[in-house]
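Thanks for coming, everyone. Let me put the structure up, and then I'll walk you through a few places in it.

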Amino acid sequence: MVFQIILLIMLAYVVGFIYMGLYRNITARIQGRYGPTIYQTFFDSIKLFSKKQSVCYGWMFYLGPVIMATGAILTLILVPVFSDSDFLRSVTSQGNLFVLLYLMVLGPLGNALAVGTGGNPFGVMGVVRGLTRLIGLELPFYIAIVGLIIAANSSDIVHIIDMQKIDGLNIINHPLLFIAAMVSMVGFFGESPFDIPGAPQEVYSGPRTEFSGKFLALLMSQGSIFAFAKLVLIVDLFLGGADSLLMLVLKTLAIFVSIIFIGIVYGRYKVEQAVDFLMKLPTLIAILGLARVVWLG
C-alpha cells in the first residue's frame with residue numbers, strides 16, 4: 001500500500017503540473033502570445049526546491065505549507081483513481097465524502113495560519129479575500145454533494161461510482177447538481193472569475209507574497225496534487241470514474257479544459273460580487289437539484 005500511495009502522489013504531481021502548464025499555454029495562445037511550454041511549471045517547481053527561503057517569520061510560517069500539503073495528499077489517497085482495479089486505489093475503501101469535505105478545508109486553514117504570521121498586507125488581504133470567497137464556493141458544492149449522497153444512499157465514493165454503472169452517469173441523471181459543483185470547482189481552482197485572492201495586479205500574488213524557495217515549491221506542488229485530486233473526484237462523482245489511465249486522462253482533461261475556457265471568457269469578480277453570485281445562482285441550482293433528488297429520486 002505504501003508503494004501505491006507513493007506512486008499515486010508521483011502521478012498526481014506530474015499530471016497536475018502538466019495541466020497547470022497547459023493552462024498557461026492555452027491562455028497565452030488565446031491572448032495572442034506563445035506562452036511557456038506545458039512542462040515549464042513542472043521545471044520551475046523542481047528548480048525552486050533547490051533554493052532557500054529568503055525570509056522567515058517563525059515556525060508557523062513554515063508549518064502552514066506543510067498543513068496544506070498534508071490536506072492535499074490525504075485528499076488524494078482517499079479518492080478512487082481507477083474504478084475497476086485495486087491498482088492505485090490506496091485506502092479509498094476507508095474514506096467517504098464527509099471525510100473529504102473536512103480535509104479540503106485544511107488548505108485554506110494552513111494558508112491563513114502561515115500568511116497571518118508573516119503579516120504582509122498583500123498576503124493578509126489575499127487570505128481575507130480567499131476565506132470570504134470560500135463561504136460562497138462551499139455552499140453550492142456541499143449541497144450538490146448532499147444531493148449525490150441522498151441519491152446513492154451512501155457517502156462512499158466507490159459505491160457512488162458503482163451505482164452509475166447500473167443507473168447511468170450522474171452528469172445525465174443529476175445535471176443541476178453537476179452544474180452547481182462545476183461552478184464551485186472553477187473557484188476551487190482559483191480561476192477567473194473567482195481568482196480575486198491571488199490577483200497579481202492588485203495584491204501582488206496574494207497569499208504567496210512572502211514565500212520563496214522550497215516552501216514556494218511546496219505550495220506549487222500541493223496545488224498541483226490537490227488539482228488532480230479534485231479533478232478525479234468530479235470524474236468519480238459525475239462521470240462514473242475511470243477504468244484505465246487513458247480514460248482518466250481524457251475525462252480529467254475534459255473537465256480541466258472546460259474550467260480553463262470559463263476562466264478565459266469571464267472577467268474577475270470583486271469579492272462581494274463573487275460571494276453574491278455564488279450565494280444566488282449556483283446555490284439556487286444546487287437547491288433545485290437537491291429538491292429533484294428528494295422528490296423524484
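Start with the contact between two helices. From α1, Ile9, Leu11, Ala12, Tyr13, Val15, Gly16, Phe17, Tyr19 and Met20 meet Met220, Ser221, Ser224, Ile225, Ala227, Phe228 and Leu231 of α11. Contact here means heavy atoms within 4.5 Å. By class, this contact has 13 nonpolar, three polar and no charged residues. Nonpolar covers Ala, Val, Leu, Ile, Met, Phe, Trp, Tyr, Cys and Pro; charged is Asp, Glu, Lys and Arg; the others, Gly among them, are polar.

A word on the source. This is a predicted model, numbered from 1 along each chain as its sequence is written. Local features need pLDDT of at least 70, side-chain atom pairs count only at pLDDT 80 or more, totals for chains, interfaces and linings use all residues, and side-chain values use heavy atoms, with hydrogens and water left out.

Helices are DSSP runs (H or I, at least four residues), numbered from the N terminus. How do α1 and α11 cross? The axes of α1 (residues 2-30) and α11 come within 8 Å and cross at roughly 95 degrees. Axes are lines fitted to C-alpha atoms over the stretch in contact, with angles from 0 to 180 degrees between N-to-C directions. The two helices are therefore roughly perpendicular, a label for 65 to 115 degrees.

Now the core. The largest nonpolar core has 77 residues. Such a core is a set of buried Ala, Val, Leu, Ile, Met, Phe, Trp, Tyr and Cys residues joined through side-chain atoms within 4.5 Å. Its largest share, 17 residues, comes from α11 (residues 213-238). Leu97, Phe141, Ile234 and Leu237 have the most contacts inside the core. Not counting residues up to four places away in sequence, Leu237 touches Leu97, Ile145, Leu148, Ile157, Ile160, Gln164 and Asn170.

Take Gln164 next. It sits in α7 (residues 157-167). Is Gln164 buried or exposed? Buried, at 5% relative accessible area; buried means under 20%, exposed over 50%, partly exposed in between, with a 1.4 Å probe and protein chains only. Polar atoms of the Gln164 side chain lie 3.1 Å from the backbone nitrogen of Asn170 and 3.0 Å from the backbone nitrogen of Gly240.

Last stop: Asn153, in the loop between α6 (121-152) and α7. Its phi is near 55 degrees, a positive value in a residue other than glycine. Asn153 counts as exposed, at 71% relative accessibility.

Note on methods:
Angles under 35 degrees count as roughly parallel, over 145 as roughly antiparallel, 65 to 115 as roughly perpendicular and the rest as oblique. A polar contact is a pair of N or O atoms within 3.5 Å; within protein, one must be able to donate a hydrogen and the other to accept it, and residues adjacent in sequence count only if both atoms are side-chain atoms.
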